[in-house]
Amino acid sequence: MSDDSQRPIVVKKIKKGGGGHHGGAWKIAYADFVTAMMAFFLLMWLLGSVSKGNLKGISDYFNNPLKVANAGGSGSGDADSLIQGGGNDITKQAGQVNKGAPPAQTEAAKDKKRLNELKQKFEALMDDKIKQNTNLGQYKNQIKLDMVAEGLRIQIVDEQNRPMFKSGSSELEDYAHGVLQEIAQLLNEVPNTVSLAGHTDGTQFAGGAAGFTNWELSSERANSSRRELIIGGLDPEKVLRVNGFGDVIPLDKGNVYNPVNRRISIVVLNRDAETDIRRQAGQSEDAVEPVASAQEGFVNPIKKPVQ
């Protein structure tokens, strides 16, 4: 037998892997942690950039997920307040507002837009007439435009050396005929009715028939203007009211004798003013048809009686 002490001794060394950087498993865990933190901070930023009303809507959703499904709407945070919340000002508490379909434009809004467009067109025409040196252009400083509660008001006032009417009379001066006739063409471009009013200054009328005062004079001048507008092409049925106010509503209250107080006022009436005038005159609202658009042309607002 051989001697066992002579056997070679074999030593086995086992090399374990994963040395150095200990492998790549930690990278996956770290990436998950960073992603979670990024999502967390993104959520915090979103919550900080919305209004309190929207935050309440989010809270309500998680407390009652069926709220939106049951109540409808774009979100449970829709506000009942007329003041819109959200947007750039995150301090508002009204929350988001359910916009839905844009509201239909009301007749009053259409009326206002139509009268504003007429005012702009009149001003543009005035500038054009000034360049052409026509009657209307020469009257530029005596024609005043403004928006009042009843609609668009066109006032033609007197100047010291350039009155519209002959002294103490309702007879128009020669140049005033052309002014009113050119205004008539503009009034026909909208379907609205018009109201005419005559005014005098504080000088008491002396002469003529007994009992003839500034009341009669202002009324006759307003009616004379109505006739001239119709001669200029204004539809007679568009004239709804003709008034004379004498000297009780001066334009210059500080000086009732100022020539500017002698004037003719033409008001292109809005729908509400027209309805109110007709109601005061005893006409029922059922007898008034809606005002047509400018493109549709003028429609007589008084229904013809059945024959």
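**View 1. The segment at residues 28–47, annotated in UniProt as "transmembrane region".** The annotation comes from an unreviewed UniProt entry. The structure shown is a predicted model. Over residues 28–47 the chain is 100% helix and 0% strand.

**View 2. The aromatic pair Phe40 and Phe41.** A search of the whole structure finds 1 aromatic pair. The ring centres of Phe40 and Phe41 lie 5.5 Å apart, and the ring planes meet at 65°, so the pair is edge-to-face. Planes over 60 degrees apart count as edge-to-face. Phe40 counts as partly exposed because its relative accessibility is 42%. Phe41 has a relative accessibility of 52%, so Phe41 counts as exposed. The cut-off for exposed is over 50%.

**View 3. The hairpin of strands β1 and β2.** Strand β1 covers residues 143–148 and strand β2 covers residues 151–157. The two strands pair in the antiparallel sense, with 6 bridges. Between β1 and β2 there are 2 residues. Met147 stands opposite Leu152, which belongs to β2.

**View 4. Helix α8, residues 271–280, and its two ends.** At the start of α8, a side-chain oxygen of Asn270 comes to within 3.3 Å of the backbone nitrogen of Asp272. Within the helix, the buried residues are Arg271, Ala273, Glu274, Thr275, Ile277 and Arg278. Gly282 follows α8 and has a positive phi, near 95°.

Methods. Residues are numbered from 1 along each chain as its sequence is written. This is a predicted model: local features need pLDDT of at least 70, side-chain atom pairs count only at pLDDT 80 or more; totals for chains, interfaces and linings use all residues. Side-chain values use heavy atoms; hydrogens and water are left out. Two strands pair if DSSP finds at least two bridges between them. Helices (H or I, at least four residues) and strands (E, at least two) are DSSP runs, numbered from the N terminus. UniProt positions are given in the numbering used here, feature names are shortened, and annotations may be inferred rather than shown by experiment. Buried means under 20% relative accessible area, exposed over 50%, partly exposed in between (1.4 Å probe, protein chains only). A polar contact is a pair of N or O atoms within 3.5 Å; within protein, one must be able to donate a hydrogen and the other to accept it, and residues adjacent in sequence count only if both atoms are side-chain atoms. Rings of Phe, Tyr and Trp (its six-membered ring) pair if their centres lie within 6.5 Å; planes under 30 degrees apart count as stacked, over 60 as edge-to-face and the rest as tilted.
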